[in-house]
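Okay, thanks for coming, everyone. Let me put the structure up and walk you through a few spots.

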Amino acid sequence: MDDNILTLDGIEKSHARTKVLRGITLKIPRGQFVLLMGASGSGKTTLLRIVAGLERPDSGSVALRSVVVDNPAGKVFVPPERRGLGMVFQDYALWPHLTCLENITAAIPSRSLFKARSERMERARSLVRDVSLEGLEERYPAQLSGGQQQRVGLARALAARPDLLLLDEPLSGLDVEIRGRMRDNIRQLVRKTSCSALFVTHDPVDVWRLADRVLMLEEGRIIQDATPDTLYGCPRSPRIARLTGAEGAFTVTLQKRDMQWGFESVTGFQPVTPVGLITEGPARAYIRPEGVRQINEGYVARRIDMTFEAGRWRVLWHLPQLGWSLHSLEPEIPPEQTCLAFDARHLFVYPV
Ligand SMILES: Nc1ncnc2c1ncn2[C@@H]1O[C@H](COP(=O)(O)OP(=O)(O)OP(=O)(O)O)[C@@H](O)[C@H]1O
């Protein structure tokens, strides 16, 4: 028996004759916080629902703790309530007629670890503390804010001590401050309970604050499965480049010279970071603001706007030679006109 909490093997799924998932294979070990990202409609919720048992794949298999729970070919199907998972979906699905504490207590399995009523109450109170809801135990969901309801939802999901937590955009719709606090809270709770998490999100901040690992879904396939630092250093698609802060795109003619990929620019041969399959010829280039610097000779740039952000100036430049605009980050207000050059570590190119 291996230490993987979740194993997916060749999951295929179509909705209304459209292929949504095309052979998803992955393993999630114990204790890992995994983000599932991708464009709207890329199949993230569908994959989560298949893991939960709320939907069935057309083919492939789902195993939890090395036990197959869904395999259409082998006619195996374990229903959601017997999969031992915690789930937090966008609409927290709380019981409206039960108080905060009762909602949590109701989620503690009766034939479980906590047999006596007093033990169950103690478990519920400890969950209330974990999600910082002390003082709100007797309130009904309608008397709680969105963020508070969300915390009740999280406590409920953790009630049965699951070793895998499925979260579908649980932070969307919360205000920025609560979202920040809940994000830290979720990560700490998951670490404390040593469970694994599969977390669907659109928010790039989650990559840096939550993830041990990120899965990027595009056109039904996982096109990148990487740690946040690898995702940043080597984004496999324009969408991932944008997610990690790159802006684009301008067209270049890619060449390979002395084993180095790059393109001819006003500053000479401009090296780039090659990602994925690239070939010589036209390509689209993306650059991050942290890879744009002022230099004596480079692309002429005219300042067209700037905003102050976290101790630095975020400056918008227009580069007439490229017919393109981009941002740089500056410690001080730069001149209205300057020259700019690009750092290859933040410059990525993709086939047109
Ligand atoms: N029950 C259904 N019947 C028909 N089509 C469906 C059904 N559920 C989902 N789809 C379609 O399957 C595709 C994937 O949907 P899914 O909800 O998994 O995407 P998603 O990546 O979670 O999107 P979002 O980020 O917008 O929530 C979409 O094109 C969607 O319209």
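So, start with helix α4 (residues 146-158) and helix α5 (residues 176-192), which pack at about 10° with their axes 11 Å apart. Helices here are DSSP runs of H or I, at least four residues, numbered from the N terminus. The axes are lines fitted to C-alpha atoms over the stretch in contact, with angles from 0 to 180 degrees between N-to-C directions. That angle makes α4 roughly parallel to α5, a label for anything under 35 degrees.

Before I go on: this is a predicted model, where local features need pLDDT of at least 70 and side-chain atom pairs count only at 80 or more, while totals for chains, interfaces and linings use all residues. Residues are numbered from 1 along each chain as its sequence is written.

Who meets whom? From α4, Gly147, Gln150, Leu154 and Leu158 meet Ile178, Met182, Ile186 and Leu189 of α5; contact means C-beta atoms, placed from the backbone, within 7 Å. That contact has 6 nonpolar, 2 polar and no charged residues. Nonpolar is Ala, Val, Leu, Ile, Met, Phe, Trp, Tyr, Cys and Pro; charged is Asp, Glu, Lys and Arg; the others, Gly among them, are polar.

Now the ligand. The residues around it include His15, Val20, Lys44 and Thr45, going by a C-beta atom, placed from the backbone, within 6 Å. That shell splits into 2 nonpolar, 8 polar and 1 charged, and helix α1 (residues 44-52) gives the largest share, 3 residues.

Last, domains: the assignment gives domain 1 (4-237) and domain 2 (245-351), with bounds from an automatic or database assignment. Their C-alpha centres are 39 Å apart, and 4 residues of domain 1 touch 5 of domain 2.

Technical notes: Two residues are in contact if their C-beta atoms, placed from the backbone, lie within 7 Å. Helices (H or I, at least four residues) and strands (E, at least two) are DSSP runs, numbered from the N terminus. Angles under 35 degrees count as roughly parallel, over 145 as roughly antiparallel, 65 to 115 as roughly perpendicular and the rest as oblique.
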